[in-house]
Amino acid sequence: MPRNMSSVIGVVDDSIRGGRLIGAMVTIVGSMRQAATDANGIFQIDSIAPGPHQLVVTHPLLDTLGIQILSAPFTLNPGVRTQIGAHTPSYEEIKSKACPRGGVATGSALLIGRVNLADSDDPAVGAAVSLVYKDLVTKDGVEKVRNARVSATGSFAICGLPATIAGTLQASLAGAKTADLPVKTNDAAISTAMLSIGGASTSGSAVLRGSITSKLGAPIGGAQVTLVGTTTIAVTADDGSFTLAGLPGGTHELVARKIGFARASEVLTISPRGQNTVKVILEEAQILSTIHIVSQMDDGLSKMGFLARKQLGRGWYLTPEQIEQKNPQITTDLFRTSNGIRMMQGRGGRILQSSSSAGSSQDGCMNIFIDHARFDQMQAGDVDDAIPVADLGAIEYYANPSSVPSEFNVVGKTCATLVVWTKTLLMTIAKPPKP
């Protein structure tokens, strides 16, 4: 360091979670001089001009809380290294600012976050935020719901929560909504979340690139990848890579599936600006037994809306009991005598088509959803390959496009619609979270 210059060294304490704040960026206000805190929360900045200064500390945690840390003003002398400390606000300080008195309280923990608009990064003012969770300490199995509104600064707070919970968080505004963001805390006084809301459109200008590998790191080719709620589907190349283009910005759920592997999903935020990348790991499928699980799956079917739609009777439905009674050898065996479905035999297997063109945008077209994610038949046999018969949970089919529930509508492709639910998904959402 030149003799006529100064330097600072110090630590940033994490008063919220205890310990030191790792990975924070510490900057001399009004200059380009900065440094990141190391694994011990220590930073050092050299070659600073002598005189009065101030430090500013930024960090993803602080961004989510809407907080910026400014140190007290200090003066640096030539050739002298000065020790400076900084710390985040305490739990009590954050609570007094974020949580008004009164309201529902089942604990002392806080969930604080921000919601922005995907297209502009502006605050999603007025957006509704909903948290559905279970208390993992009481283990009563009861789902609770807490709601909040996004303020003019883009922040929200849900106060009085148990410290150990598992659930999902979602934001909605003007007909658009985010995917369900998993939330899990373990004895945490404060937890944070970031969400991004796109428009109601199922398309946009964002591009997502990624790769899919096995648990051992081997690339997986031929896997189908889609963003839930959009019409775009990609198939991975031999090196496991894929590209999804024309996507709407926001917080979305990405779903990947490949025969022989369990369905995988990732909740990620996609921006119309900059690069969006993701790495997905598929694990080998563990097919559930076909007996003794029917009653447990009913809870999953209820949560996915199957039972309510079945009661309306706009299509035809196969319950877990009915599928078991039919005892199909492969999945498409279930549709041999089904009204509204035509099976075409091709090289390598069967292709499903609609037997009615009434109200459809093209003759024989059929939209297929597996566990609420779009699925395209790329070649004969794809349906049987994608859904092993031992994993069949329930089926619903809408021969008339006008009867298709809105959540399964595909923009620009008005068709009959087949919806398949797997045992793996139904059992996953039916059973209580593990502590």
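Biologist: How many cavities of 30 Å³ or more are there?
Modeller: Two cavities of 30 Å³ or more turn up. Keep in mind that this is a predicted model.
Biologist: How much space lies in the largest cavity?
Modeller: The largest cavity holds about 60 Å³.
Biologist: And which residues line the largest cavity?
Modeller: Its lining is made of Gln224, Val225, Thr226, Ile233, Val255, Arg257, Ile370, Ala373, Arg374 and Phe375.
Biologist: Which elements give two or more residues to that lining?
Modeller: Those are β20 (224-227), β23 (250-257) and β30 (373-375).
Biologist: How many of the lining residues there are nonpolar, polar or charged?
Modeller: Six are nonpolar, two are polar and two are charged. Arg257 and Arg374 are among the lining residues.
Biologist: Okay, on to the other one. How much space lies in the second largest cavity?
Modeller: About 40 Å³ for the second largest cavity.
Biologist: What lines the second largest cavity?
Modeller: Ala109, Leu110, Leu111, Leu161, Pro162, Ile165, Thr185, Ala188, Ile190 and Ser191 do.
Biologist: Which element gives the largest share of that lining?
Modeller: That's β11, with three residues. Both β11 (109-117) and β18 (190-197) supply at least two residues each.
Biologist: And how does the lining of the second largest cavity divide into nonpolar, polar and charged?
Modeller: Eight of its residues are nonpolar and two are polar, with no charged ones. The lining of the largest cavity, by contrast, has two charged residues.

Terms used
Residues are numbered from 1 along each chain as its sequence is written. This is a predicted model: local features need pLDDT of at least 70, side-chain atom pairs count only at pLDDT 80 or more; totals for chains, interfaces and linings use all residues. Side-chain values use heavy atoms; hydrogens and water are left out. On a 1 Å grid over the protein atoms alone, a cavity is a set of points where a 1.4 Å probe fits but cannot get out, and a pocket is an open set with protein on both sides within 12 Å along at least five of seven lines; lining residues have an atom within 4 Å of a point. Grid points are joined across faces, edges and corners, and a volume is the space filled by probe spheres set on the points. Helices (H or I, at least four residues) and strands (E, at least two) are DSSP runs, numbered from the N terminus. Ala, Val, Leu, Ile, Met, Phe, Trp, Tyr, Cys and Pro count as nonpolar, Asp, Glu, Lys and Arg as charged, and the others, Gly among them, as polar.
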